[in-house]
Amino acid sequence: MAILSTLLETLAPIFLILSPFTSYTDQILAIHRTRTSAGFSLDIPLIMLTASILKIFYWPGARYDLSLLVQAFLMVGVQLTLLKVALDNRPAWRGERPFTDTGDGRPWDFWRWRAQRPYWEYLLFLAFGLLVLHTLLQPDGSSLYLQFVGYLGLTIEATLALPQIMANYRAQSCKGFRVSVLGNWLFGDMMKMGYFFGSEPGKVPWAFKMCGMFQACCDAYLGMQYWMYGNGAEESEIDARLS
């Protein structure tokens, strides 16, 4: 048992640090290769970028495990690349203009803009706004503001799979979302849970543990969708021809 615990404490931080690359490199290459991001939810970069930026600003007061901070910085870089590739290869637009209501329930058509500039402006304003607040408030680890930032970031990250789950449900298909991403999410959930609950008390805040458990449940359901839907009608037609 001691050997297993030592291996987990050694390997899990390495996996966490590398997980942005192992989880999303294949998705980036697939979108670039096929020249379309159809089927991939743009909300995934939104969630991961927002959550990672919030977690970075949570660290100065919380001082959580350093590997999680490094992961957050690397995740920002990878998600910026994924967002750029996905935006460059969007399917033909339906004609909406930025900041107009298209009836999908999002104020100002948030994160559904036609131009790319509003996406980068949102991320810049978020990071700059947090920097200003941290400079003015200079929060410590016990401040309510810092706790709010941390819990908000982790709660947002916990919802990562929900937009893709909804997109798959509406399309009755998982086409466009790489199974390699799902595989890395599920494996990452196992590693995180083992690391979070196997680490010494206080090393990983309970906020990480609670949000990690919720995210693991969502990822498991996303795996069920792959089993239920596959690639939708296209896969069904192939099966019919083979039979």
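What share of the 243 residues in the chain is buried? Buried residues make up 45% of them, where buried means under 20% relative accessible area, exposed over 50% and partly exposed in between, with a 1.4 Å probe and protein chains only.

1. **Basis.** This is a predicted model, in which local features need pLDDT of at least 70 and side-chain atom pairs count only at pLDDT 80 or more, while totals for chains, interfaces and linings use all residues. Residues are numbered from 1 along each chain as its sequence is written, and side-chain values use heavy atoms, with hydrogens and water left out.

2. **Overall make-up.** The chain has nine helices and zero strands. Helices (H or I, at least four residues) and strands (E, at least two) are DSSP runs, numbered from the N terminus. Along the sequence the pattern reads α-α-α-α-α-α-α-α-α. Take the contacts between residues at least 6 apart in sequence: 77% of these join residues at least 24 apart. Contact means heavy atoms within 4.5 Å.

3. **Confidence.** pLDDT is the predictor's confidence in each residue, from 0 to 100. Its mean over the chain is 85, and 87% of the residues reach 70 or more.

4. **Helices α5 and α8.** Two packed helices are described by the angle between their axes and the distance between the axes. Axes are lines fitted to C-alpha atoms, for helices over the stretch in contact, and angles run from 0 to 180 degrees between N-to-C directions. The axes of α5 (residues 144-158) and α8 (residues 206-229) come within 8 Å and cross at roughly 15°. So α5 is roughly parallel to α8; angles under 35 degrees count as roughly parallel, over 145 as roughly antiparallel, 65 to 115 as roughly perpendicular and the rest as oblique. The crossing is right-handed. A crossing is left-handed if the near helix is turned anticlockwise from the far one by less than a right angle, and right-handed if clockwise. On α5 the contact uses Y151, L154, T155, E157 and A158; on α8 it uses A207, F208, M210, C211, F214, Q215 and C218. These residues divide into nine nonpolar, two polar and one charged. Ala, Val, Leu, Ile, Met, Phe, Trp, Tyr, Cys and Pro count as nonpolar, Asp, Glu, Lys and Arg as charged, and the others, Gly among them, as polar.

5. **Helices α4 and α5.** The axes of α4 (residues 117-137) and α5 come within 11 Å and cross at roughly 155°. That makes α4 roughly antiparallel to α5. This crossing is left-handed. L130, L133, H134 and L137 of α4 meet Y145, L146 and V149 of α5. The contact residues divide into six nonpolar, one polar and no charged.

6. **Loop residues to check.** Most residues other than glycine have a negative phi. R35 has a positive phi, near 60°. R35 sits in the loop between α1 (2-34) and α2 (43-62), and counts as exposed because its relative accessibility is 56%. Q172 has a positive phi of about 50°. Q172 lies in the loop between α6 (161-171) and α7 (179-198); at 41% relative accessibility, Q172 is partly exposed.

7. **G202.** G202 is found in the loop between α7 and α8. G202 is exposed, with a relative accessible area of 72%. The C-alpha atoms of G202 and D65 are separated by 9.5 Å, although these residues are 137 apart along the chain.
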